[in-house]
Amino acid sequence: MDNFDAYVGLDVHKDTIAVAFAEGERSGEVCSLGSIPNEATAINRMVKKLAVRFEAISFAYEAGPCGYGLHRHLIGLGHECDVVAPSRTPVQPGKRRMKNDTIDALNLARLHRAGELTCIWTPDATHEAMQDLVKARRISSHQVRKARQRIRCFLLKHGRRYERKKWGHRHRVWLADLQFGHVATQFALQSYLNEEEQAVDRRAQIDGQIENLMSDWVLAVNRQAILTPYRHPKMTPHRSARVAGPMRCSLYTAQPYRASGV
């Protein structure tokens with residue numbers, strides 16, 4: 001682990017950031033700087049204040065819903081910054097973790113100096129954008145499944161059954177030709193069908209966007225490795241080809257990674 005003049009712990013929230021620092025020496029001072037607004041100007045002011053006193057500074061904060069913008073900002077200012085796994089932050093035995101911004105920042109600074117925090121891999125802006133797109137794809141797939149489940153329940157309620165392969169062309173023609181005795185029932189079915197069609201179209205649009213952006217992705221090499229399917233001796237060629245595809249590969253590759261060491 002590199003030696004720094006100060007180790008800064010940041011407890012990051014939507015509107016505020018609690019700041020604390022620990023001097024580089026083991027017996028050095030651990031002090032709170034209070035809270036600052038979670039804004040670029042306030043962060044720059046805080047970093048400038050610390051830089052007057054310390055030459056080499058390392059920041060650390062826990063991964064959370066605020067993302068990695070703070071990490072990139074601090075790196076852009078020329079300082080080290082680690083994003084750490086909250087679930088791996090040590091807690092003293094027999095003590096519950098109290099939620100207090102100042103205490104959390106002090107603990108982060110102290111543990112960061114001791115080298116007891118577990119860093120995670122931080123994505124660049126492109127990879128984080130791909131994560132957002134893949135998350136949107138997961139949501140759209142979930143909406144497709146829910147829409148089809150509603151249609152199945154509706155047909156089961158009214159005693160309509162289709163015994164062949166579902167959601168192909170013939171099945172959709174069969175669904176479009178269904179007739180019910182009351183206009184309200186017919187309108188309800190059509191609304192479910194429209195919902196399913198819109199969800200499928202939305203998922204297809206996202207799939208196409210993922211395919212278009214794959215070539216510019218820094219992890220495209222990982223994609224090719226994942227796309228090479230494992231073929232069991234008893235597995236047919238058709239089945240082995242379905243083990244991995246572009247969408248499954250992107251869903252896998254876009255996941256955050258944990259750093260192998262601290």
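Which residues are linked with Glu29 in a network of salt bridges? Glu23, Glu29 and Arg53 form that network, a salt bridge being a side-chain nitrogen of Lys or Arg within 4 Å of a carboxyl oxygen of Asp or Glu.

The model shown in these views is predicted, so that local features need pLDDT of at least 70 and side-chain atom pairs count only at pLDDT 80 or more, whereas totals for chains, interfaces and linings use all residues. Residues are numbered from 1 along each chain as its sequence is written, and side-chain values use heavy atoms, with hydrogens and water left out.

**Figure 1. Overview of the elements of the protein.** The protein has nine helices and five strands, where helices (H or I, at least four residues) and strands (E, at least two) are DSSP runs numbered from the N terminus. Read from the N terminus, these elements follow the order β-β-β-α-β-α-β-α-α-α-α-α-α-α. Of the 262 residues of the protein, 36% count as buried; buried means under 20% relative accessible area, exposed means over 50%, and partly exposed lies in between (1.4 Å probe, protein chains only). Contacts are heavy atoms within 4.5 Å, and among those in the protein between residues at least 6 apart in sequence, 62% join residues at least 24 apart.

**Figure 2. The salt bridge between Arg53 and Glu29.** The structure holds seven salt bridges, and in one of them the side chains of Arg53 and Glu29 meet at 3.4 Å, N to O. Arg53 lies in helix H1 (residues 40-53) and Glu29 in the loop between strand S2 (16-23) and strand S3 (30-37), so this pair ties together parts that are 24 residues apart in sequence. Both partners count as partly exposed, Arg53 at 49% relative accessibility and Glu29 at 39%.

Figure 3. The side chains of Arg72 and Glu128 meet in a salt bridge of 2.5 Å, N to O. Because Arg72 lies in helix H2 (residues 69-76) and Glu128 in helix H4, the pair ties together parts that are 56 residues apart in sequence. Arg72 counts as partly exposed at 28% relative accessibility, while Glu128 is buried, with a relative accessible area of 19%. A further salt bridge joins the side chains of Arg148 and Glu196 (2.8 Å, N to O); here Arg148 lies in helix H4 and Glu196 in helix H6, so the pair ties together parts that are 48 residues apart in sequence. Arg148 counts as buried at 17% relative accessibility, and Glu196 is buried, with a relative accessible area of 1%.

**Figure 4. Helix H6 and its buried residues.** Helix H6 (residues 183-214) has 32 residues and reaches 47 Å from its first C-alpha to its last, close to the 46 Å expected at 1.5 Å a residue, the expected span being 1.5 Å times one less than the number of residues. The buried residues of H6 include Thr185, Leu189, Leu193, Glu196, Ala199 and Ile206, and Asp207, Ile210 and Met214 are buried in this helix as well.

Figure 5. The structure holds five aromatic pairs; rings of Phe, Tyr and Trp (its six-membered ring) pair if their centres lie within 6.5 Å, and planes under 30 degrees apart count as stacked, over 60 as edge-to-face and the rest as tilted. Tyr162 and Trp174 form a tilted pair, with 5.1 Å centre to centre and 45° between the planes. Tyr162 lies in the loop between helix H4 (125-157) and helix H5 (169-177) and Trp174 in helix H5, so the pair ties together parts that are twelve residues apart in sequence. Tyr162 is buried, with a relative accessible area of 14%, whereas Trp174 counts as partly exposed at 23% relative accessibility. Lys166 also has its place in the loop between H4 and H5, and a polar atom of its side chain lies 3.1 Å from the backbone oxygen of Tyr162. Lys166 counts as partly exposed, at 40% relative accessibility.

**Figure 6. The surroundings of Asp11.** Asp11 is found in strand S1 (residues 6-12) and counts as buried at 5% relative accessibility. Not counting residues up to four places away in sequence, Asp11 touches Thr16, Ile17, Ala18, Lys99, Asp101, Asp104 and Ala105.

Technical notes: Polar contact = N/O pair within 3.5 Å; in protein donor to acceptor, adjacent residues only side chain to side chain.
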